[in-house]
Amino acid sequence: MPRTVNVLVTVALERTYTYAVPDGLSLRVGDVVVVPFGPRLMLGVVWEGVPEPIDGKKLKAVERKLDGHLDATMRRFVSWVADYTVTPPGQVLRMVLRVPGALLPEKPVLALRLAGPPPDRLTEARRRVLDVLGHGEARTKAALAEAARVSTSVVDGLVEAGTLRQVELPPEPLVPPPDPDRPHKALTESQEEAAEALSGPAAEGGFEVTLLEGVTGSGKTEVYFEAVAAALKAGRQVLVLVPEISLTGQFLERFEARFGARPAEWHSDATPKARERTWRGVASGEVRAVAGARSALFLPFRELGLIVVDEEHDPAYKQEDGVIYNARDMAVVRGMLSEIPVVLSSATPSVESRANAQKGRYRHITLHERFAMPMPDITAIDMRTEGPERGRWLAPALVKAIAEETGHGRQALLFLNRRGYAPLTLCRKCGYRFECPNCSAWLVEHRFRGTLACHHCGFETGRPDKCPNCAAEHSLVPCGPGVERVAEEAMSLFPDRRVLILSSDVVASLADLRERFAVVERGEADIVIGTQLVAKGHNFPHLSVVGVVDADLGLASADPRAAERTFQLLQQVTGRAGRGLHEGRAFVQTFEPSHPVMAAIVSGDKDGFYERELEARARQGLPPFGRLAALVVSANAREQAVAHAKAMALAVPSGDVRVLGPADAPLAVIRGRHRLRFLVKAPRGLDMAAFIRAWLSASPKPAGNVRVSVDIDPVSFL
Ligand code: ADP
Ligand code: ZN
């Protein structure tokens, strides 16, 4: 009998597979391997469990072993996430092994150094190369050619002549190690207390979750940096999750100012090479600190000692496709499995984390005061009586404040969570509305690009001159504002002010976006118009007035989290005012100033808001008092989706669970896929994943192009 092992293969299947171990290869559980799977070679990991006996003829052998290894904690984490999210474990494993280059031996850097006498024919170009290369020094070919201002063929010639020789260099360290012993800012008394409370566990280890809650600008980052320092001093690695890569620019600088070196970055915009090196450095222990987006949670840290989730309430932590998971919640799971502390930081915690803190499941540390400036003064503008004239979006009171503040050289920020120029374009003659051909959504005009675009599938078309329906000329009118339209109004009101848009679609690259943020930080823009991008933890020292253009925007939906989301967004964005050099004020334009969310924002009664929201959730059995899941059935044809959803409805297991639907999803068509949705409500103690597994196995298998996606703890209800 050949030796066999159990392998979890990176495919979306529930089970592990048995493979033979070739003679001479030694394998441990956790080793990364390449195995034949069907007609292809796939990555996998040797997994626990006794391999199922398998017919000798069918038994295939492990192709080879790679460099990587997943320790027991990491393997348990993969299984845990798969189990909780109702995803095949191989699909979760694929997220861990997404950097195949990191699993091969690292290629050495090839460099050139002096090795022989100068060549007989010493041209001017060749002399420059030799001048650049000091004795014993080695440089890569490209670096050498650039420094000497010659083409690489000149360098090649010197190698041929025997003057230069190729040598292998060890790769430069990705990032220098952070130094936790550098002096830090003197903390205030309450900051110091909070820092000490976090540092103890970070030094000692052990699982514990702390909610670090403090108003915007209270110094939460300074405080959790001390926990980071404590973990680093204890010889452990640190992971800081940030919700938005645009935010990391400022974060990296602050980290460097505190620790003398940047953390390694992990996000989808990093080059494959950088990701490869980070993966390897994290696994080997060379990298001590990582700042990253949610997927950084799946890096194979060798000795992780602390996880910080910055802006823990942020919906960007939810991954909405592939493996649907919330990185905030999975960070807590990873902390539990690794037996290390987790810090959740926010000025506006999620209702769930707030409830966990109140119940004593999480430790709760609060910072009540801003470090420098008092909290901004917030005023509601009643758009029914104090609004602007038709076709304008900025109320007189807000315009006056912008004029005053920018007149004193300070900055204004106008917030509208809508990209583009106008969310809807229609024909004044026949009423025709521009709709996406692939989605049940209007096309959004983007005037700078001159297009009409769908924000769900990326469809774009030029804006026509005539109505495509009735051929009327000059009849198309934009309805409602997006950031571009507000910028247009600001420019016409304040022609001598510098107006800047901060929105993901007006920038060409991450570097471009970071540069725009830096421009605002340096005070080189007077009026900034931004989407939710600007609501996330940025520090704009010159900003003294914030205007929320349409505070009611998020409240219209039937989303059970609409109130929470709107409260967080408004609190975060108004909290950008007056964080640095000047006192701040904020204006909230609303048609419903008496709405509880608006009232809480204006009065600053955060505790009152959470209390009311928790009461409402308790009444409705919504999280955190009950559990929620969404299942979306989709298909290319509506009839197919309906038929499958109806069959599923008949298979719902009986028990203490309410299944609502199927009903058309709020976005009934996306990318040509018709969507029906079930909402599952269950009591808190129920094992939602087990219920859904039982349901799915009692339902017919989706056939053809029908798909069923499972979203446990949904945060978006599209
Ligand atoms: P938060 O994360 O709570 O919004 P930050 O940590 O970003 O707050 O702090 C807000 C600003 O105040 C930052 O510019 C920070 O450097 C500064 N700050 C906070 N605490 C101190 C301190 N003790 N000494 C000096 N500057 C501080
Ligand atoms: Zn579309």
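Predicted model: local features only at pLDDT ≥ 70, side-chain atom pairs only at ≥ 80, totals over all residues.
Hi everyone, let's start with V86, which sits in the loop between α1 (72-85) and α2 (89-96).

Residues are numbered from 1 along each chain as its sequence is written, chains are lettered from A and ligands numbered from 1 in the order in which they are written, and side-chain values use heavy atoms, with hydrogens and water left out.

Back to V86: its phi is near 55°, a positive value in a residue that isn't glycine. Is V86 buried or exposed? V86 is buried, at 14% relative accessibility; buried means under 20% relative accessible area, exposed over 50%, and partly exposed in between, with a 1.4 Å probe and protein chains only.

Now please find E339, in the loop between α10 (327-338) and β15 (341-346). E339 is not a glycine either, yet has a positive phi of about 55°. This residue is exposed, with a relative accessible area of 55%.

Last topic, the cis peptide bonds. One joins P623 and P624, with omega about 5°, and P624 lies in the loop between α18 (606-620) and β28 (626-635). And where is P662 found? P662 belongs to strand β29 (residues 658-670), and a cis peptide bond joins G661 to P662, with omega about 10°.

Thanks, everyone!

Terms used: Helix = DSSP H or I, 4+ residues; strand = E, 2+ residues; numbered from the N terminus.
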